[in-house]
Amino acid sequence: MTLSYVSTTQAAFLLNISTGRLRLLLNNGRVVDAEKVGRFWKIPLNHRGMPEITPGRRGPQGTWNKFQRTAKTIVHVLRKTIDYNRDYKTSHPAVAVKVGDKKDYCHALKIHGPCQIVYQPHEPNTSQAGGARLWIEVEPEKRVERVYFSDGDYGPPPEVVQQRAKAKKPKNQKRKSKKKGKKRSN
């Protein structure tokens, strides 16, 4: 059986952790049979196609992915954020990348491998707020590299912040009106 090796970026993607966290594990000798060649790491894959990490002695259990990914990567282009950036001269991330339950925002993507663009006008994708009708799907084993502008804004885009604020407002208003009603009846 031949061993296949991957780079730190590919291994971090497979494990669903940041490259910085993976480099820390590599420097602590916790990645099984990993070796440094010059400035680069060669990380072997096990029979399941994943890098193996030895458990630490202290602290919480590791949360890295131990099996191959099964969820597709879904990419949404946030139209409202593009309009907001144009109108207010900002540069908030306008691309939402969703893998399973984890959602991330970025400015650009590099998709390493095949993907497909899906348009379903009558069956929107409800995983995105408002129900996206057009999105990009990437198979689980393909790597999607996120790119951020050096001078860009970070964090959730304004449309997401506004939707979160709207979702919290009605609950607070209902509680206040109930309290006022109780005081009047006494």
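Tyrosine 84 is partly exposed, with a relative accessible area of 27%. Partly exposed means between the two cut-offs: buried is under 20% relative accessible area and exposed is over 50%, with a 1.4 Å probe and protein chains only. Tyrosine 88 is exposed, at a relative accessible area of 55%.

A word on the model. It is predicted, so local features need pLDDT of at least 70 and side-chain atom pairs count only at pLDDT 80 or more, while totals for chains, interfaces and linings use all residues. Residues are numbered from 1 along each chain as its sequence is written, and side-chain values use heavy atoms, leaving out hydrogens and water.

Helices here are DSSP runs of H or I, at least four residues; strands are runs of E, at least two; both are numbered from the N terminus. An α-helix has 3.6 residues a turn, so residues three or four places apart point the same way.

The structure holds one aromatic pair. The ring centres of tyrosine 84 and tyrosine 88 are 4.6 Å apart and the planes are at 40°, so the pair is tilted. For the terms: rings of Phe, Tyr and Trp (its six-membered ring) pair if their centres lie within 6.5 Å; planes under 30 degrees apart are stacked, over 60 edge-to-face, and the rest tilted.

Is threonine 81 buried or exposed? Threonine 81 counts as buried, at 0% relative accessibility. Set aside residues up to four places away in sequence, and threonine 81 touches His92, Pro93, Ala94, Pro157, Pro158 and Glu159. Contact means heavy atoms within 4.5 Å.

Now the core. The largest nonpolar core has 17 residues, and Leu15, Leu22, Val31 and Ile43 touch the most other members. A nonpolar core is a set of buried Ala, Val, Leu, Ile, Met, Phe, Trp, Tyr and Cys residues joined through side-chain atoms within 4.5 Å. Which elements each supply at least two residues of this core? They are helix 1 (8–15), helix 2 (19–27) and strand 3 (40–44). Helix 1 gives the most, with five residues.

Take leucine 15. Leaving aside neighbours within four places in sequence, leucine 15 is in contact with Leu22, Met50, Pro51, Ile53, Trp64 and Asn65.

Next, helix 2. Leu22, Leu25 and Leu26 are buried there. They cover an arc of only 100° around the axis, which puts them on the same side of helix 2. That arc uses the directions from the helix axis to the C-beta atoms. What covers the buried residues of helix 2? Helix 1 and strand 3 are included in the cover. Just after helix 2, glycine 29 takes a positive phi of about 75°.

Move on to aspartate 33. It is found in the loop between helix 2 and strand 2 (35–37). Aspartate 33 is exposed, with a relative accessible area of 61%. Neighbours within four places aside, aspartate 33 is in contact with Lys42 and Pro44. Aspartate 33 and isoleucine 43 are 10 residues apart in sequence and 7.1 Å apart in space, C-alpha to C-alpha.

Last, lysine 42 again. Lysine 42 lies over the face of tyrosine 5, at 4.5 Å from the ring centre. The rule for a charge over a ring: NZ of Lys or CZ of Arg is within 6 Å of the ring centre and within 35 degrees of the ring normal.
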